[in-house]
Amino acid sequence: GALHPESGAAAAKQPGVNGVYATQARTRTSSSCMLRPGQTAIVERLEQRLAALAGLPVESLERLVVVRYSPGEEFSEHHDGKFRPRTIFVYLNELPEGDEGGDTFFPHLGFSFLPRRGAAVMWPNAGADGREDSRLVHAGRPPRLGTKFGVNCFFNDERMRLVDRPDAAVAVGDAFLVDVRGLASGATPDRTLRTFNLDTTPWVTAVPCAIAGEDAERIAALSDAAGDLPRLLRPEDSPVLARVEARLAAASRLPLSHMAPPRIVECCTEMGHSNRGVGQRAGLVCLSERDEVFFPYLGLRCALRRGDALLWPNAIRSAPAEGDGYGGESAEGRRRVVEDMRTTRVHVAPAAGGGGASEASGRPGDMRTRKTRA
């Protein structure tokens with residue numbers, strides 16, 4: 001996902017996804033990106049490690065938030081809220097020698113923590129009586145020379161995650177193989193899109209010739225020019241990108257505004273390292289000559305050619321529940337988001353012909369227009 005700038009009007013306790021409550025600071029100029037639970041194997045390992053450090057169940061951990069502080073950017077004094085019994089901030093890098101800013105500062109305690117890669121700071125937000133501990137007001141002070149990266153990790157009073165995690169996987173040789181291009185004889189990118197919901201639970205949608213092979217080649221060429229992957233794509237990167245995004249939005253039946261900007265990625269052949277994306281729905285377009293994607297928990301293999309696409313859900317919304325089974329009642333009518341790990345995927349072999357894949361994710365809601373609370 002992309003890191004988005006945060007702006008800051010003061011706000012009261014505001015409900016969010018799965019009942020997350022937060023208070024915006026009056027001045028917050030840093031950028032952030034929210035991850036999905038278990039988005040990659042690395043994220044999942046970090047989540048388990050955080051739960052062990054906090055001594056709290058991983059189910060109470062909110063979605064991790066990666067933050068970036070460029071020189072001069074800050075998060076002014078604020079409190080994380082008594083509904084969060086623990087906060088852990090993980091530092092992902094160190095600042096250049098001589099940069100005296102970028103620290104996490106607790107003014108009432110007189111503590112200042114400088115960024116050290118891989119280190120973390122943990123603190124409680126409420127006292128033993130459950131009341132907010134105002135001594136834990138803190139600020140992310142601006143770096144002066146370098147850019148600081150970190151991860152905000154909040155443990156909540158409520159159960160924040162439900163996960164549909166399958167018990168068994170199918171061996172790649174036993175999986176059902178689908179030739180995506182062969183599903184639609186004579187399909188071409190200049191014709192109406194044809195989508196096929198494969199007979200799996202949940203559905204994986206196959207889209208033959210989702211985009212033109214020439215468009216796929218032009219997008220793949222951007223990775224050669226950029227070097228490092230993944231690369232986030234912007235409208236100014238290529239004149240064909242608007243056409244490609246429109247086709248993907250139509251195939252996913254989501255408004256374009258609900259789609260995050262696509263990325264060029266390498267096709268990962270190690271289980272657990274393929275990025276699930278930040279949206280509740282995700283998909284990829286084959287940019288190489290050929291590729292094969294394997295869903296071990298669905299027993300499905302999909303053979304792709306350049307321009308073919310696959311779409312799948314990352315999460316589902318469960319039915320409203322009267323109680324959450326976690327020491328309290330859910331708010332009336334609330335629908336819990338369930339992470340669906342059944343669509344975990346891996347690429348069977350390195351993509352032939354170079355170019356990798358383009359990934360996109362989406363969700364019900366605007367992912368492109370930044371909103372500021374007044």
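Visitor: In what sense do strand E19 and strand E22 pair, and over how many bridges?

Guide: Strands are DSSP runs labelled E of at least two residues, numbered from the N terminus, and two of them pair if DSSP finds at least two bridges between them. In this predicted model, E19 (residues 281-286) and E22 (residues 309-313) pair in the antiparallel sense over 5 bridges. Leu284 stands opposite Leu310 in E22. The model is predicted, so local features need pLDDT of at least 70 and side-chain atom pairs count only at pLDDT 80 or more, while totals for chains, interfaces and linings use all residues. Residues are numbered from 1 along each chain as its sequence is written, and side-chain values use heavy atoms, with hydrogens and water left out.

Visitor: Is E19 mostly covered or uncovered?

Guide: A residue is called buried under 20% relative accessible area, exposed over 50%, and partly exposed in between, with a 1.4 Å probe and protein chains only. By that rule 5 of the 6 residues of E19 are buried, and the strand is mostly covered.

Visitor: How many disulfides does a search of the whole structure find?

Guide: A disulfide is a pair of cysteine sulfur atoms within 2.5 Å, and the search of the whole structure finds 0 of them. Take Cys286, which counts as buried at 0% relative accessibility: its sulfur is too far for a bond, because the closest cysteine sulfur, in Cys267, is 6.9 Å away. Cys153 is buried as well, with a relative accessible area of 0%.

Visitor: What is the order of the strands in the open sheet of 4 strands?

Guide: The order is E14-E21-E20-E25, with mixed pairing, and the edge strands, each pairing on one side only, are E14 (176-179) and E25 (346-347). E20 (residues 290-295) and E21 (residues 300-305) run antiparallel and are joined by 6 bridges, and the bridge partner of Glu292 is Ala303 in E21.

Visitor: What is the volume of the second largest pocket, and which residues are closest to its centre?

Guide: On a 1 Å grid over the protein atoms alone, a pocket is an open set of points where a 1.4 Å probe fits, with protein on both sides within 12 Å along at least five of seven lines, and lining residues have an atom within 4 Å of a point. The second largest pocket has a volume of about 760 Å³, the volume being the space filled by probe spheres set on the points. It is lined by 31 residues, and the closest to its centre are Gln39, Thr40, Pro230, Arg263 and Asn275.
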